[in-house]
Amino acid sequence: MPGRTPRLLIAGAMSVLTMPLVAAVASTAEPIGVEPGDLVLRTADGRLVHYSHDAAAGTPWPETSGAALGTGWGGADSLAVADVNLDGEPDLFDRIGDSVGYHPNRAGLEPVWDPGERVLGMTGWAGTPQVVLDDFNRDGGPDLMARQPAGNLRIWEHDGSTTGSPWLTRPAYDVAYGLDRADTVAFGEVTRDGFRDLVIREEDGTLWIVPHPGESAQPAARSSGREVLWDLDELRARAAAGTSGLRAASAEADPTLPYELGFAWADYAALRVADVNGDGLGDLLALDDDGGLWIYPHNGATVGQKPWTTRIDAGSWWGRDSLLAVTDAPVTQAPPDPPDPQPEPDPEPVRTGDAVALDRDGRLWRLWHTGDRDRPWTRSAANVVGSDWSGADVFALDDVDLDGRIDLFFRDPAGTGSVWYHPHQGVAAAPWDINVKIFGMSGWNNAAAVLLEDVDRDDRPDLLSRMPDGNLRVWFHDGQSAASPWLSGAWTDVALGLQTTDLVRWAEMTGDDARDLVIREADGSVWVLPNPGADIAPGSAPVWTWDLAAARAAADPSDPTLPYELGSAWADAGTLDVQDADGDGRSDLLAVGADGGLTIYYHDGSPSGRNPWTTPTAAGGRWDDYELIGFSSLPADTDPEPEPSGRVQYDPVGTNTVQVITASGFRPGERVTHLFQGRPQNAVLANPAGEVVFAVKAPPRGGEYESELVAESGAALRLTFQVVKGAPGGDAADLVAWREEWSPQRP
């Protein structure tokens, strides 16, 4: 994607072996075999490490099982383990620079693979986005595939050669078209039909399963005369013709159609498919940017169902710049039964605190606020709400038409420049219709800054423009809900002298409930202009008259009425905004750097005159994938919900084996489920006072047990009990409250 460095780690971070493996010797005192299910790691400093598969461990590859296989492997950017020369032993395939090749297994010698012993496979691979090794034609030899820049997946079939390159004698051909948006391609048994399906992730983070059409399927014909097994363009057109979009439901009508698994995969550096638990189905492996590995076991789903719904922590020691080669575990168990059909969750409604973004393909994204201070907005908590939205250069979220729902305000710089807003359509999945918009005002193409702010504190968004002459002018909202609310002629200039600024924002900086002005000057310095508490109304005098030189000369941190400088650390930020990202009532600074990373500087409570934005919080990367971003502030929590609390009524002398848990502080009417030892027991609705009551029967055996009350809102009570035997010789057990702990806080 333009504007972003290609992530080659994605192309080769993990590869899958489907061939049987035999023991191989590692460079240790005791030979270590590379067995089915094992994992080979290439570290950032070029070391090769082997991890044995342990089905009984908490993670399939315990950190303690790692054994060094040698050094000198730093030149590879793609890695796979497969029996390339068909001798029954695992070889190591890699791409180094312009070439692909493999290192034959040395059959009992140390090291098992030598970086100096390499069979050249082919040259001319430097510009290939992804290299894939898979036995596509199921003849026992690993075929070589390339996801090429044009979006085609090309294959060179294994020709049976055991001494030289096995990919040179058979003509190459394409097996898939339409992968130009993909950044990951993998194969695996996903739909339980005995064929290896195509799994792709697109640059927006969407994960797709493209089912194998089966042996009898006719390849898709192109106008060029070539035929492919998967033509994503043709499949998309078929799905769009029969449904409202490519969704899981499309596979129910036609099992050959692709279906999506959501946008939750954008933040992983690499994704691959391998059978980790030995049930014959492809599990999903995900390596995050911090070097953590996650496993999503296949849940038994069939075509059209989501197969990867829960994840397992496989350790955090893998390293963010590592390459992993994963091998399929031997089949030792039957696959799980398909899950019961689950309805799709209702889409999240748009709220203040959400963000909107426009990508380079013209798609409009809504990113809902997650409530996580470290990741308030992520690509995995987002959805596309429309296409063909290109053209805007300003976005803002606010309730312009005063109906209690969030509208999308934008400026179109074409021509003389106009501002508009799209009223909320009442549909959570598609809140704004590109064809339904209300004109605001024209002549805005020369405005250096355009923003919405409730300047006169009447709970209506006023429209502001930093004019070329440096005056910050406000047009007051007149209460109109079906036409432009800023044309009644009520306006005033609230600031003068801002002609050299490129950022103007209103913010709560000093804790006095009077919104201050934050500006960035041409030299990159950021300043706060404290609000003296002046009333702003049509025709009122300007509140601020700005003079950079005079402000620097008169700077006095002890005087809360004077402008003060916050430094120039954000001079090069591509996107800079001021919003309340954590809902504490204070404004935070949001900056997207040249590397695409979002950094949030949360207000630390410093008083007027001091910089409150000193501690950066890294809030995720790849924000440069968007051409335009509009953030909004999370409402301050002025009336926090009561913290949950609970009590246990129990018989201390052991005459009653049924105890009662009473808890309060839940939201009235919300569903609260009781789990005992992790297993759901029953659920009740909280009464109007926010209380729930559950009965617990004491287990017949002594020991420690845990009950958990889990609410729809996310609040949970975890209550640990100690069960002790009753009177000597008795077979009953008494339930004694051992420890109470409420966790977590309300999300």
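Let me start with the open sheet, which has four strands in the order E28-E29-E30-E31 and antiparallel pairing, and please keep in mind throughout that what we are looking at is a predicted model. The edge strands here are E28, covering 394-398, and E31, covering 438-442, and each of these pairs on one side only. If you follow the sheet across, the twist averages 20° from one strand to the next.

For those of you who are new to this, strands of a sheet pair through backbone hydrogen bonds, and the pairing may be either parallel or antiparallel. In our sheet, E28 pairs with strand E29, residues 407-412, in the antiparallel sense and over five bridges. To find your place along that pairing, look for valine 394, which stands opposite arginine 411 in E29.

Now let me turn to the aromatic rings, where the count comes to 20 aromatic pairs. One of them joins phenylalanine 136 and phenylalanine 187 in an edge-to-face arrangement, with 5.9 Å from centre to centre and 65° between the planes. What does this pair tie together? Phenylalanine 136 lies in the loop between strand E9 (130-134) and strand E10 (143-147), while phenylalanine 187 belongs to strand E13 (residues 182-188), so the pair ties together parts that are 51 residues apart in sequence.

Are these two residues buried or exposed? Phenylalanine 136 has a relative accessibility of 18%, and because buried means under 20%, this residue counts as buried; phenylalanine 187, at 3% relative accessibility, counts as buried as well.

Phenylalanine 136 also forms an edge-to-face aromatic pair with tryptophan 230, in which the centres are 6.1 Å apart and the angle between the planes is 70°. Since tryptophan 230 sits in strand E18 (residues 230-231) and phenylalanine 136 in the loop between E9 and E10, this pair ties together parts that are 94 residues apart in sequence. Tryptophan 230 is buried too, with a relative accessible area of 1%.

Arginine 311 lies over the face of tryptophan 294, at 3.5 Å from the ring centre, and arginine 473 lies over the face of tryptophan 491, at 3.9 Å from the ring centre.

How values were computed: Residues numbered from 1 in each chain as written. Predicted model: local features only at pLDDT ≥ 70, side-chain atom pairs only at ≥ 80, totals over all residues. Heavy atoms only, no water. Pairing = 2+ DSSP bridges. Helix = DSSP H or I, 4+ residues; strand = E, 2+ residues; numbered from the N terminus. Axes fitted to C-alpha atoms, helices over the stretch in contact; angles between N-to-C directions. Phe/Tyr/Trp six-rings, centres within 6.5 Å; stacked < 30°, edge-to-face > 60°. Buried < 20%, exposed > 50% of the residue type's maximum accessible area, 1.4 Å probe, protein only. Lys NZ or Arg CZ within 6 Å of the ring centre and 35° of its normal.
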